[in-house]
Amino acid sequence: MVDENTLGKKTIVKVSPVTGKLMGEFEICGEQEVKQSVARARRAFEKWVDSGLDARLAAMQRVKQVILKHAEDYARRISDDTGKPMVDSLITELFSIPLFLEHYRKRAKKILAPRKVRTPLVFQHKKSYLEYFPMGVIGIISPWNFPFQLSVIPIISALIGGNTVVLKPSEVTPVTGEVIREMFEEAGFPQGVVEVVQGDGATGAALVTSDVDKIFFTGSVATGRKVMAAAAARPIPVELELGGKDAMIICADANLKRAVRAAAWGGLVNAGQMCISVERIFVEEEIHDEFVGMLKKEVERLTVGGPDQDADMGPITFPKQIQIVTSHIEQAREAGAQIISGGNVMDGPGDYFAPTIIVGVTRDMNIYREETFGPVLPVIKVKDSREAVELANDHQYGLAASVWTSDLKKGRTIASALECGQVMVNDVVASVANPALPFGGVKSSGIGRYHGEEGLLSFMHTKAIMVDPGKLEAEPFWFPYAGKYQDALKAFYMLVQGKFLAALGPLKRMDKINKRAGEGKNA
Ligand code: NAD
């Protein structure tokens, strides 16, 4: 909630999703403050680039030490901020940071190194190279569902290449925004290298139109559209990590026990508030009823509660989500779907929603078409995996998916046929935590990739460099053109036929015309 404090400054009023009690107020940065932060990041940029990759990687190791030192405190504060169980804060927020830091510590030099590339024979004597240079100041706008991880991984990815960063955390989770600010301060990062501007959508909008060189945005499709439109004015590159409606395809030959446990965890971890949450479970008809029965048993043994209750699932972080989840379930129920388990808001304090299984879901229902982002497992019966793939692909989103079969070859074939950014065979969610794999979506799920090599390169400009020894007076392609047409045509036909050596003949004759012109003779 946004309010005004006694000094007349707009504030975020943070209420605990666990207790419903006030946790604190955080001043919202206005346009001027955003500009000042970006200016500090701009001033810090040159020194940060000049410090060199080794120094920057050493700084990243200090981040690792700080996380190690404060892991339990950070997990506690992230859990208080979001309501997620402490185990979730550890495994889905903190775990991946050391994995990524170690991956880049070993590989950043190679990924970012200048390299020689091939030069076609017709460009005789020349050599070609690629180099990368940092874009400058990166604006990072993050959501509330994984407020730590989804901020820190893009931050470190941008910093390693030499960029500086201004982070705008979600107004729903400002406590985690403060954790991140403190972490980089304690790790001894120079002023301006990582700036944090707390605020709401207006603060985010001000960041997009400020003097940043790229926006890395994670959030909803609706906001992503606004961000892209605003960034078009300058224009600056935009990376969009948006929503999903991930398919889980369960073939009749799958290890059913594993598939059931995976469906429950993949759809209900973080109370289903995850972009790569399992949101559509396609089950082959011959095992559908058995699967639903087993899933019901699995879901009904889960416990729901706050971070202090050692529960499997916490509350909904953001009350608005309760309305979306409820409306999807109600609309599906009215349209003929059946709730097998849950389906209701639970008693407070706190915003709890019961883990829900819903069957008989059809394509016209909102629960099928739109992102639900809550603890709901919609199950859809299909004839076979071919129908499942068709349905999975016939959707506005394309973030992640999973395939369940004991035939790994079939699993890979289905994985290849799915239109999305990442697919797991006999697993869920895990690929996002492998730092070697790129992450991102297709269609409405986003534009761009981070993690893996792309994670560093997406914050760099690529520079193409071509070097000629500079000994010839002119190139065969240069002026004068008079008398060159027939040879240019011959060279072209030879190139088309792949006769690269033979193409050098007409080029030599064109060169002779140049020489004669240089000696003052006409062609
Ligand atoms: P959101 O779009 O409401 O907000 C995201 C961020 O954008 C917040 O920090 C918000 O303050 C800011 N913002 C709002 N209006 C803005 C504007 N006009 N200009 C600039 N910034 C603005 O999304 P959310 O509710 O915080 O997050 C949930 C969504 O994020 C879901 O759709 C989820 O699938 C998606 N998500 C995607 C990924 C991914 O990696 N693909 C990861 C997590 C969440």
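Asn-426 is buried, with a relative accessible area of 18%; buried means under 20% relative accessible area, exposed over 50% and partly exposed in between, with a 1.4 Å probe and protein chains only. The model is predicted: local features need pLDDT of at least 70, side-chain atom pairs count only at pLDDT 80 or more, and totals for chains, interfaces and linings use all residues. Residues are numbered from 1 along each chain as its sequence is written, and side-chain values use heavy atoms, with hydrogens and water left out.

- Asn-426 is a residue other than glycine with a positive phi, near 60°.
- The loop that holds Asn-426 runs between β18 (422-425) and β19 (442-443); helices (H or I, at least four residues) and strands (E, at least two) are DSSP runs, numbered from the N terminus.
- Ala-271, which is not a glycine either, has a positive phi of about 55°.
- Ala-271 sits in the loop between α9 (256-268) and β12 (278-284).
- With 1% relative accessibility, Ala-271 counts as buried.

**Cis peptide bonds**

- Arg-234 is joined to Pro-235 by a cis peptide bond, with omega near -20°.
- Pro-235 is placed in the loop between α8 (221-231) and β10 (238-241).
- The peptide bond between Phe-479 and Pro-480 is cis, and its omega is about 5°.
- Pro-480 belongs to the loop between β21 (460-467) and α16 (485-496).
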